[in-house]
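The following exercises are to be worked with the sequence and the coordinates at hand. Each task is followed by a stepwise solution.

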Number of protein chains: 2
Amino acid sequence: MKFTCSQQSLSKALNTVSKAVTTRTTIPILKGILLETEGSQLKLAASDLDLSIEKRIDVDVKEEGSLVVSSRLFSDIIRKLPGADVEIEEMENNTVIIRCLASEFTIVGQPADEFPNIGDVGEDQRLLFNKELFKDMVKKTSFAASIDESKGIIVGVLIDMTADGLTMVALDGFRMAITREVVKNEEEKKIVISARILNEICKIISDSDESDDISLILDEKRAVVLADQTKIVLRLLEGEFIKYRDILPKEHRTRVTVGKSDLLSSIERASLLAKEGKNNLIKISVGDGTLTITSRSEEGNVKEEVAIVRDGEDLEIGFNSKYVLDVLKAVSDDEVAMEFNNSVSPCLVKPVEGDAYEYLILPVRISGN
Amino acid sequence: MKFTCSQQSLSKALNTVSKAVTTRTTIPILKGILLETEGSQLKLAASDLDLSIEKRIDVDVKEEGSLVVSSRLFSDIIRKLPGADVEIEEMENNTVIIRCLASEFTIVGQPADEFPNIGDVGEDQRLLFNKELFKDMVKKTSFAASIDESKGIIVGVLIDMTADGLTMVALDGFRMAITREVVKNEEEKKIVISARILNEICKIISDSDESDDISLILDEKRAVVLADQTKIVLRLLEGEFIKYRDILPKEHRTRVTVGKSDLLSSIERASLLAKEGKNNLIKISVGDGTLTITSRSEEGNVKEEVAIVRDGEDLEIGFNSKYVLDVLKAVSDDEVAMEFNNSVSPCLVKPVEGDAYEYLILPVRISGN
């Protein structure tokens with residue numbers, strides 16, 4: 001294998017594919033990046049078995065071939081080279097010479113045939129998403145997924161495509177996030193993808209800025225995300241996702257409309273005294289025109305008041321402030337509506353109009369206090 | 001104690017004095033900040049016993065008094081309050097009420113009389129420094145001081161004032177940094193201040209941007225740095241500093257002039273293969289017109305060439321690349337001169353003209369290779 005390419009394009013491609021390299025693996029070849037010539041292109045590939053990334057860049061191929069190099073060392077070297085042409089040449093015993101102006105590195109590689117075969121995904125279905133919409137919906141949903149890998153399917157985000165809409169859902173037993181967009185879909189489909197991997201995908205497709213859309217190609221067990229010259233292969237999570245519509249409360253006895261920034265700042269301040277050993281407990285009292293947030297710890301106590309419009313009954317309810325803050329940080333609206341039934345039923349946070357998102361937060365039982 | 005002030009000025013002052021609060025102390029009162037009214041001002045003070053900081057801000061004093069509050073909690077609360085007037089009121093049992101718009105915090109403080117007395121420093125001498133010059137010289141020198149607190153005076157930087165110059169010196173047994181500026185001093189004086197504390201002082205005086213100068217007030221054992229409304233009290237290091245002039249080589253057999261950025265980039269790249277268990281060993285070969293840097297590890301090897309102008313003999317010499325990189329990063333010149341005697345004698349890095357700085361780097365013995 002021998003090729004020449006620009007330092008910038010090689011460095012950028014390494015930055016993308018190295019996101020699939022895990023340092024926690026005990027399989028040495030997975031710490032590597034596969035370099036393989038394909039016609040007048042170089043294919044770079046990395047995989048942690050859950051997630052695989054391939055990227056192609058144009059290079060000047062002088063000799064065909066393939067080899068695996070250490071992701072960390074090779075990326076560090078290429079990144080620190082001057083912005084000029086780089087020549088990569090395979091020598092005997094899997095060594096590679098990297099030349100660029102007055103720099104010459106010789107590093108030890110591994111044979112390409114030990115690299116895991118990412119394989120092809122049968123194209124049962126191909127779906128098209130607007131990139132920015134997809135990223136925005138993932139950002140507003142994925143934080144609510146469980147981070148406990150032993151919890152099965154709830155580490156994933158449900159992507160639910162119907163004829164006229166796209167819905168994403170994540171939950172962890174303490175809160176649930178639902179985002180909806182009106183999108184015309186030719187086919188109906190439900191898939192579940194690990195929230196961790198979805199967030200990685202969003203980072204990767206942010207780097208590839210040539211196209212506004214991404215394609216999702218599906219077969220029974222796997223999905224391929226295609227964005228420009230980048231191909232991401234991932235496992236779909238198996239099993240049936242929770243019937244999220246059944247969990248949503250059908251009615252409410254108290255409804256509050258509140259400025260999001262004011263509420264966010266007040267809860268952030270109240271959390272300063274809700275940190276240690278108390279599950280970030282804050283107490284919210286809904287009164288006529290005012291929502292009062294209180295919290296106390298050994299260090300002191302705090303009372304915050306926020307102006308609201310209230311419909312329905314007064315209410316006292318306790319929350320883990322982290323769950324409320326996560327929701328308020330994810331929302332981009334200036335005002336939100338909060339719907340309550342009583343102090344032991346979940347609270348629903350939604351837009352003042354419509355249902356572009358619904359966030360369900362379980363309360364924490366509060367003592368008489 | 002009761003006063004009102006702007007959230008911004010209180011938050012800024014807390015940010016400054018909290019730099020003297022250590023989290024590693026076992027003395028609870030040292031995790032606090034002293035608040036004390038003085039006429040129409042509030043004095044804020046913190047101390048880790050090595051370093052004490054006092055700052056004064058204008059406030060509207062309604063009742064005189066003093067109290068110690070938790071640095072972390074009080075600073076967090078004030079920082080997160082809205083940008084409006086804040087009222088601080090001392091209540092019974094050392095509690096403090098903090099009011100700002102619709103927020104009300106009650107936190108537990110400690111009596112002011114338990115706070116260590118920072119005390120007064122007798123004014124034996126007062127010296128004036130240009131703030132930017134002082135910061136620049138500290139930055140270019142302090143990195144070479146020892147970080148091993150058991151090593152005595154070499155954890156400090158020597159500040160050597162003569163009638164017509166200011167010199168700062170630091171060394172750790174492997175390298176030495178000297179910076180010189182032409183400054184007219186009315187008095188001659190040598191003091192040694194901990195490099196760690198000097199760097200803290202530079203951060204603190206960067207925040208106070210009203211004046212171009214700082215004053216240094218000295219007595220036998222302590223110094224006070226005055227910058228605007230900020231007063232920093234510190235212990236001087238005792239003992240005699242190493243006679244640094246005696247260590248500087250008087251002559252050289254090889255002199256090299258080299259572009260600093262090229263040399264820095266080449267050594268950074270060569271260091272990628274000099275990282276593990278090899279003391280960052282790089283080998284430098286000085287030839288006619290070219291300086292060659294090589295390094296090798298189990299992962300591979302590297303050769304870098306840099307164009308130079310050479311006077312004198314060829315030379316091969318080994319270095320811990322970290323020490324060379326530290327020097328090249330500290331220098332702001334485009335070109336530097338390097339002077340060598342042989343492969344076991346230290347290298348001197350200095351300006352192509354003059355002696356505004358001199359960096360001495362000890363070599364690492366290299367085998368035949």
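**Exercise 1.** In which order do the eight strands of the open sheet of chain A stand?

*Solution.* The model is predicted: local features require pLDDT of at least 70 and side-chain atom pairs pLDDT 80 or more, while totals for chains, interfaces and linings use all residues. Residues are numbered from 1 along each chain as its sequence is written, and chains are lettered from A and ligands numbered from 1 in the order in which they are written.

Step 1. The order in chain A is β6-β2-β3-β4-β17-β16-β15-β10, with antiparallel pairing. Strands (E, at least two residues) and helices (H or I, at least four) are DSSP runs numbered from the N terminus; two strands pair if DSSP finds at least two bridges between them.

Step 2. β6 (66-70) and β10 (125-130) of chain A are the edge strands, each pairing on one side only.

**Exercise 2.** Identify the elements of chain A that touch chain B.

*Solution.* Step 1. Contact (C-beta atoms, placed from the backbone, within 7 Å) links 26 residues of chain A with 25 of chain B.

Step 1. The elements giving two or more residues to this side of chain A are α2 (71-80), β9 (103-108), α6 (260-271) and β21 (300-312). β21(A) supplies the largest share, seven residues.

Step 2. β21(A) also pairs with β9 (103-108) of chain B, antiparallel over five bridges; Lys303(A) stands opposite Glu104(B) there.

Note on methods:
Contact = placed C-beta atoms within 7 Å.
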